[in-house]
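Me: Can you walk me through this model? I would like to start with the overall layout and then look at some helices.

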Amino acid sequence: MDAVRLILASRRALAGSDETPAILTEVWQAQALAQAIGSRLAVSGPPELRGEALGLTELAGRGCGVLGTPDLDPADLRAARLTELDDARQVLLNLDVLLGEAGIALVGVASSAADEAMYWQCMEAIDAADESRDRVREMVRKLAAREAVPPEKEAISPDRGREGRGPR
C-alpha cells in the first residue's frame, strides 16, 4: 500500500483513539511506520537522504521500543503493508504531521498518567517522536534544496529568454 495512504489511515486511527491503550498502540503504529519509511528511503531513496533516513529508522525504532510491542494481529500492522513510496516529499510531509500528532497524543497520556512509570515512558516516546520529526524535516529540506534550480544554472536562450519560459 502507498505510504501516504498508510499515514492517513494512521492519522485517522490515532484521532479516533480515546483510551490510553489504544492511543499507545496507535503511537506505536506511527513509529513503526516511520521506521519502515526510513528504512525504505535509506535503501532506495535519493542518496542525499540516506543518512537522515537511517537516523529516522533508529529513532523510530527507539520510539517503538519505549512503548513496547502492542498485541496486534500481524494483518493489522500498517508498516508491514508498506509497498510504495512514490513521492518522497509528500510522504515526508505527511509523516511529519503524523509524528506531531503522535507527540501531542502522548502529551495527553502523560498528563493523565496514573503512575510515574507511564509518565516517563510517555516522555521517552515524546522525545523519540520529536527527534524523528527533526529527521523528517531535515529530509524535506534536503529534497527542497535538491529540487531548487539555482538561477545561474538555468540556461538562457538568446531568442526566448530563460529556457522553456517563452519570450519576456
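This is a predicted model: local features need pLDDT of at least 70, side-chain atom pairs count only at pLDDT 80 or more; totals for chains, interfaces and linings use all residues.

Me: OK. How many helices and strands does the protein chain have?

Reply: The protein chain has five helices and two strands. From the N terminus on, the order of elements is α-α-α-α-α-β-β.

Me: And what share of the 168 residues is buried?

Reply: Buried residues account for 43% of the 168 residues in the protein chain. The accessible surface of the chain is about 9000 Å², and 52% of that surface belongs to carbon and sulfur atoms.

Me: What about contacts between residues at least 6 apart in sequence?

Reply: Of those contacts in the protein chain, 78% join residues at least 24 apart.

Me: Now helix packing. What do I need to describe a pair?

Reply: Two packed helices are described by the angle between their axes and the distance between the axes.

Me: Take H1 and H2, then. At what angle do they pack?

Reply: H1 and H2 pack at about 165°, and their axes are 9 Å apart. Angles over 145 degrees count as roughly antiparallel, so H1 is roughly antiparallel to H2.

Me: Which residues make that contact?

Reply: On H1 the contact is made by Ala3, Leu6, Ile7, Ser10, Ala13 and Leu14. On H2 the residues are Ile23, Glu26, Val27, Leu33 and Ile37. By class, the contact of H1 with H2 has nine nonpolar residues, one polar and one charged.

Me: And the handedness, left or right?

Reply: H1 passes H2 in a left-handed crossing.

Me: Next, H1 and H4. Parallel or antiparallel?

Reply: The axes of H1 (residues 3-15) and H4 (residues 88-111) come within 9 Å and cross at roughly 20°. The cut-off for roughly parallel is under 35 degrees, and H1 and H4 are therefore roughly parallel to each other. The crossing of H1 and H4 is left-handed.

Me: Who is in the contact on each side?

Reply: H1 contributes Ala3, Val4, Ile7, Leu8, Ser10, Arg11 and Leu14. H4 contributes Gln90, Val91, Asn94, Leu95, Val97, Leu98, Glu101, Ala102 and Ala105. By class, the contact of H1 with H4 has 11 nonpolar, three polar and two charged residues.

Me: One more pair, H2 and H3. How do they run relative to each other?

Reply: The axes of H2 and H3 (residues 50-67) come within 7 Å and cross at roughly 155°. H2 and H3 are therefore roughly antiparallel to each other. H2 passes H3 in a left-handed crossing. The residues of the contact of H2 with H3 divide into 14 nonpolar, eight polar and one charged.

Me: Let's do single residues. Gln31: buried or exposed?

Reply: Gln31 is found in helix H2 (residues 20-44). The relative accessible area of Gln31 is 1%, and buried means under 20%, so Gln31 is buried.

Me: What does Gln31 touch?

Reply: Not counting residues up to four places away in sequence, Gln31 touches Ala60, Gly63, Cys64, Leu99, Ala125, Ala128, Ala129 and Ser132.

Me: Ile23 came up in the H1 and H2 contact. Where is Ile23 found?

Reply: Ile23 is also found in helix H2. Ile23 counts as buried, at 13% relative accessibility. Leaving out residues up to four places away in sequence, Ile23 touches Leu14, Ser17, Asp18, Ala105 and Val109. Ile23 and Ala102 are 79 residues apart in sequence, yet their C-alpha atoms are 8.5 Å apart in space.

Me: What about Ala88, buried or exposed?

Reply: Ala88, in helix H4, is buried with a relative accessible area of 13%. Leaving aside neighbours within four places in sequence, Ala88 is in contact with Leu41 and Leu143. Ala88 and Ala3 are 85 residues apart along the chain, and their C-alpha atoms are separated by 9.2 Å.

Me: Last one, Trp120. Where does Trp120 lie?

Reply: Trp120 lies in helix H5 (residues 116-147). Trp120 counts as partly exposed, at 48% relative accessibility. Ala110 is 10 residues from Trp120 in sequence, and the C-alpha atoms of Trp120 and Ala110 are 7.7 Å apart.

Definitions and conventions. Residues are numbered from 1 along each chain as its sequence is written. Side-chain values use heavy atoms; hydrogens and water are left out. Axes are lines fitted to C-alpha atoms, for helices over the stretch in contact, and angles run from 0 to 180 degrees between N-to-C directions. Helices (H or I, at least four residues) and strands (E, at least two) are DSSP runs, numbered from the N terminus. Angles under 35 degrees count as roughly parallel, over 145 as roughly antiparallel, 65 to 115 as roughly perpendicular and the rest as oblique. A crossing is left-handed if the near helix is turned anticlockwise from the far one by less than a right angle, and right-handed if clockwise. Contact means heavy atoms within 4.5 Å. Ala, Val, Leu, Ile, Met, Phe, Trp, Tyr, Cys and Pro count as nonpolar, Asp, Glu, Lys and Arg as charged, and the others, Gly among them, as polar. Buried means under 20% relative accessible area, exposed over 50%, partly exposed in between (1.4 Å probe, protein chains only). Accessible areas come from the Shrake-Rupley method with a 1.4 Å probe; for residues, only the protein chains shown count as cover.
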